[in-house]
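Please consult the sequence and structure shown here while reading.

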Amino acid sequence: MDWIKIIHILCVMGWMTSIFAVPRALIYWKREFARLGEFGPTGDLTVRLYRFSAGLGVIALLTGLWLGWQVWAFAPWVHVKLAMVTVLAAHYVWTGVMVVRAKRGEFRESDLFLRIFNEISVIGVIAILWVVVVKPF
């Protein structure tokens, strides 16, 4: 069981890296694309980071569900955490949509939007951590 927790925490950390970094990387990718007029190294790095972290997110979700079921018997706080993780996963998918569009050279979102979008994920993670640590229900 401890190994499952360790794997869960490691995968969550990796997934969070992408959740926090990719929206910011899109800002720099957009600037690079405007300068070069083509797909450059920042875009390549952004796509690779997003793809790599997708696998980590899946492993984090699976190990989290296992822990919620086997360790915490789906206590009420686990349901709240899963609901918040679902919202964060939707945020991640939306980020992926922006990455796919960026690969086609479409950068619709402003720098300000991407910065705010990035901060929303930080607030979501803080809320999830609070539920996990405090277990209010």
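The sections below describe the pocket, the cavity, the nonpolar patch and the salt bridges of this predicted model.

## Largest pocket

The largest pocket has a volume of about 700 Å³. It is lined by 30 residues, of which His8, Val12, Lys81, Val85 and Ile128 are the closest to its centre. Helix H1 (2-36), helix H2 (41-70), H3 and helix H4 (111-134) each give two or more residues to this lining. By class, the lining of the pocket comprises 24 nonpolar, four polar and two charged residues.

## Cavity

A search of the whole structure identifies one cavity of 30 Å³ or more. The largest cavity holds about 60 Å³ of space. Its lining consists of Leu26, Met98, Arg101, Ala102, Glu106, Phe107, Arg108, Glu109 and Leu114. Helix H3 (residues 76-103) gives the most to this lining, with three residues. Five of the lining residues are nonpolar and four are charged, while none is polar.

Two of the charged residues in the lining, Arg101 and Glu109, form a salt bridge in which the closest N and O atoms are 2.2 Å apart. Arg101 counts as buried because its relative accessibility, 9%, is under 20%. Glu109 is likewise buried, with a relative accessible area of 15%.

## Nonpolar surface patch

Trp3, Ile6, Ile7, Ile9, Leu10, Met13 and Ile59 form a nonpolar patch on the surface, and together they have about 710 Å² of accessible area. H1 gives the most to the patch, with six residues; Met13 is placed in this helix.

## Salt bridges

Side chains of opposite charge can pair when their charged atoms come close. The count for this model is six salt bridges. One of them joins the side chains of Asp111 and Lys30, at 3.5 Å from N to O. Asp111 lies in helix H4 and Lys30 in helix H1, so this pair ties together parts that are 81 residues apart in sequence. Lys30 is partly exposed, with a relative accessible area of 23%. Lys30, Arg31 and Asp111 are linked in a network of salt bridges.

Asp44 is partly exposed at 31% relative accessibility, whereas Arg48 is exposed, with a relative accessible area of 53%.

Gly55 is located in helix H2 and is partly exposed at 34% relative accessibility. Gly55 and Trp15 are separated by 40 residues in sequence and by 8.3 Å in space, C-alpha to C-alpha.

Conventions: Residues are numbered from 1 along each chain as its sequence is written. This is a predicted model: local features need pLDDT of at least 70, side-chain atom pairs count only at pLDDT 80 or more; totals for chains, interfaces and linings use all residues. Side-chain values use heavy atoms; hydrogens and water are left out. On a 1 Å grid over the protein atoms alone, a cavity is a set of points where a 1.4 Å probe fits but cannot get out, and a pocket is an open set with protein on both sides within 12 Å along at least five of seven lines; lining residues have an atom within 4 Å of a point. Grid points are joined across faces, edges and corners, and a volume is the space filled by probe spheres set on the points. Helices (H or I, at least four residues) and strands (E, at least two) are DSSP runs, numbered from the N terminus. Ala, Val, Leu, Ile, Met, Phe, Trp, Tyr, Cys and Pro count as nonpolar, Asp, Glu, Lys and Arg as charged, and the others, Gly among them, as polar. Patches are made of residues with over 30% relative accessible area and no salt bridge: like charges are joined within 9 Å, nonpolar side chains (Val, Leu, Ile, Met, Phe, Trp, Tyr) within 5 Å. Accessible areas come from the Shrake-Rupley method with a 1.4 Å probe; for residues, only the protein chains shown count as cover. A salt bridge is a side-chain nitrogen of Lys or Arg within 4 Å of a carboxyl oxygen of Asp or Glu. Buried means under 20% relative accessible area, exposed over 50%, partly exposed in between (1.4 Å probe, protein chains only).
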